[in-house]
Structure formats: C-alpha cells, structure tokens
Amino acid sequence: MVKRTLAFTVAILTYILIVFGGYVASSESGMGCGPDWPLCNGKVIPILQGDTLIEFGHRVIGALLFILAVVLYGTIKKTAKHELEKKIANWMLLLLSLQLIMGAIIVFYHLPSLIISTHLLIAMVFLSLLIWYWRNEEGNGFSEIETLQGYKKHLNILILLLFFTMGIGAYVKHQHYGLACGWLSCGDSILPGSLPELLQTIHRLSAFISVCYILVITYIVVTKNIKILKSRMVLALFIIILQIIVGVITILLFISVSFAVLHIALAALLFAIIIEARISLSYPHNLDR
C-alpha cells in the first residue's frame, strides 16, 4: 500500500512538472537561470522574480520529484516480490538520471528543440512506469486475459500514436513553428509548402487519426459494454476533442500562453489515461473497476 501511494504521489508530481515545463517553454523562461546548472544565476537560491522565478520553480519541483522517486526506488527494491518489479525500478531510475543529464544539456546548449522534445517524451515514459506501479497491486507481472487481447493491441497502437503526436508537437512548439499554418490551412493551400508547414501538418494529421481511433474504440467498448474500458475511453474521447478545440484556439490567439499550457496539460492527461487503461487490462483484479 505504501509503495502504491508513493508511486501515485510521484506520478502526480511528474504530471505537474510536465505541465509546469510547458509553462516554462510557453512563457520563454527556459533561460531564467542563465547558463548555470545546477546553480541558478550562479547562486543556490537566486533573486526570485520574472523568468528566474519560473525556471527556478521548475527546478525545485524537479528536485522534489527526484528525492521522492529515489525513495520509491528504495521501497521497491526492499519490498519487491517479483523480478519484473525490480527491473522496471531500474529502468525508472535510469530514465530519471537521463532526465537530469538532459536538463543540464538543455541549459548548457541554450534550449535545443530536439533535446527538449526528447526530454518531454522520456518524462512520459517515466510517468507510464509510475502508473504501472500504482495499478500493479499484486506485483505479479502481466496476466493474459484472452478476451481482451484485441483491445490490448488497439491500445498499444494508440499509445504509440499519441507518443508520436506529442513528440512532433513538442518539436513544432520549440522550433516556433506553431503559427506556420492557420487553424485550418497552410498559407494559400491546404497542403504544406515548407518544412515548418509540413511538420505542423504531420502533427495535425496524427492528432486527427488519434481522434478517429479513440472514437472507434470508444464506440466498440460502449456498444459491447466492456466495463473496464467504457468510462476510460469516454473520458479519453472527451479530452481529445477538448484538446483539438484548445489547439485551434491557441493558434487563433497567436500561441496564447494559457492555452498553450492547457494544450500540453490535456495531452499528458490523455496519454496517462490510455496508459492506465492498457495496464488495467493486464490484471484480473481490475476488471470490475
């Protein structure tokens, strides 16, 4: 119980850090601590104002996350009854360490878009592992529930699709390609005519496919009354439709900071819901939830 509670706490903190990181990027506060890491403007505690306050706040949340994650790692190592738990804990610690290294690289090399986008994707994988520990009550690995194999495959595909959509979306954002296209068309044409327009179009197409895929899965699980997935997929459908609306508004308002942050918040929440749904399919004790 302690392990699951701690995993849930770290997962929530990870989500907050992801969203706050979106705010740091949208407000262009990423260099608020200058080129220093782990110090901030050459100090342990800098003058807290403006961009420095925002970036330093992000680092404080990250430090708290690191401490709690290490405590979780130690707890898992002491209490794990199965080898799979220990292996995933090792991966979790590896990803956390990689995040620290990439955070330093981002500062030293002045916010490279590819590294920042990878930073986000690693955070999503890390969040997925935390959700696994939270939902894995028995710690006995994955069970094979034959009647749900088809749904598992669909959710696996959906997870990859959302992962790609978030990755390309993050790159578009940090390359400042967000306004390469209007809310519907690119320039004088629906088809892209430049690299920024092409990347923006790929992001939109991937998002559109995700909406259609979630709509189809939701329709199937609702009509067949698959209890374990019904409420989860209905919620996912609501969130992704809201996400599309927020995305359009973000462009219409010329990348409004508040809507840009809401965009990443909804994306991370949608991904977490689908991950939790996929993990829940693997445990018989979750079937009635």
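**Close-up views, one legend at a time**

**View 1. Arg59 sits on helix α2.** With a relative accessible area of 16%, Arg59 counts as buried (buried is under 20% relative accessible area, exposed is over 50% and partly exposed is in between, using a 1.4 Å probe and protein chains only). What you're looking at is a predicted model, in which local features need pLDDT of at least 70 and side-chain atom pairs count only at pLDDT 80 or more, while totals for chains, interfaces and linings use all residues. Residue numbers run from 1 along each chain as its sequence is written, and side-chain values use heavy atoms, leaving out hydrogens and water. The helix that holds Arg59 is α2 (helices are DSSP runs of H or I with at least four residues, strands are runs of E with at least two, and numbering starts at the N terminus). How far is Arg59 from Arg278, in sequence and in space? They are 219 residues apart along the sequence, and their C-alpha atoms are 31 Å apart.

**View 2. Arg135 and its side-chain partners.** Arg135 belongs to helix α4, which covers residues 113–135. Is Arg135 buried or exposed? Its relative accessible area is 5%, so Arg135 is buried. Its side chain makes a polar contact of 2.7 Å with the side chain of Glu276 (a polar contact pairs N or O atoms within 3.5 Å; within protein, one must be able to donate a hydrogen and the other to accept it, and residues adjacent in sequence count only if both atoms are side-chain atoms). Another polar contact, of 3.4 Å, links the side chains of Arg135 and Ser280.

**View 3. Helix α8, from residue 257 to residue 280.** This helix has 24 residues and reaches 35 Å from its first C-alpha to its last, close to the 34 Å expected at 1.5 Å a residue (the expected span is 1.5 Å times one less than the number of residues). Most of α8 is covered, with 18 of its 24 residues buried.

**View 4. Helix α7 packed with helix α8.** Two packed helices are described by the angle between their axes and the distance between the axes. Here α7 (residues 227–252) and α8 meet at about 160 degrees, with axes 9 Å apart (axes are lines fitted to C-alpha atoms, for helices over the stretch in contact, and angles run from 0 to 180 degrees between N-to-C directions). The pair is therefore roughly antiparallel (that label is for angles over 145 degrees; under 35 is roughly parallel, 65 to 115 roughly perpendicular and the rest oblique). The α7–α8 crossing is left-handed (the near helix is turned anticlockwise from the far one by less than a right angle; clockwise would be right-handed). Sorted by class, the contact of α7 with α8 holds 20 nonpolar, five polar and two charged residues (nonpolar: Ala, Val, Leu, Ile, Met, Phe, Trp, Tyr, Cys and Pro; charged: Asp, Glu, Lys and Arg; polar: the others, Gly among them).

**View 5. Ile255, in the loop between α7 and α8.** Ile255 has a relative accessible area of 32%, so it counts as partly exposed. Between Ile255 and Leu72 there are 37 Å from C-alpha to C-alpha, and the two are 183 residues apart in sequence.

**View 6. Helix α3 alongside helix α4.** The axes of α3 (residues 83–108) and α4 come within 10 Å and cross at roughly 155 degrees. That angle makes α3 roughly antiparallel to α4. The crossing is left-handed. In their contact you'll find 21 nonpolar residues, four polar and one charged.

**View 7. Helix α1 and its packing with α2.**

**View 8. Loop residues, starting with Glu28.** Glu28 follows α1 and has a positive phi, near 55 degrees. It lies in the loop between α1 and α2 and is exposed, at 59% relative accessible area. Pro38 is found in the loop between α1 and α2 too, and the peptide bond from Trp37 to Pro38 is cis, with omega near 5 degrees. Turn to the loop between α5 (149–174) and α6 (195–223) for His176. Its phi is near 60 degrees, a positive value in a residue other than glycine, and at 62% relative accessibility His176 counts as exposed.
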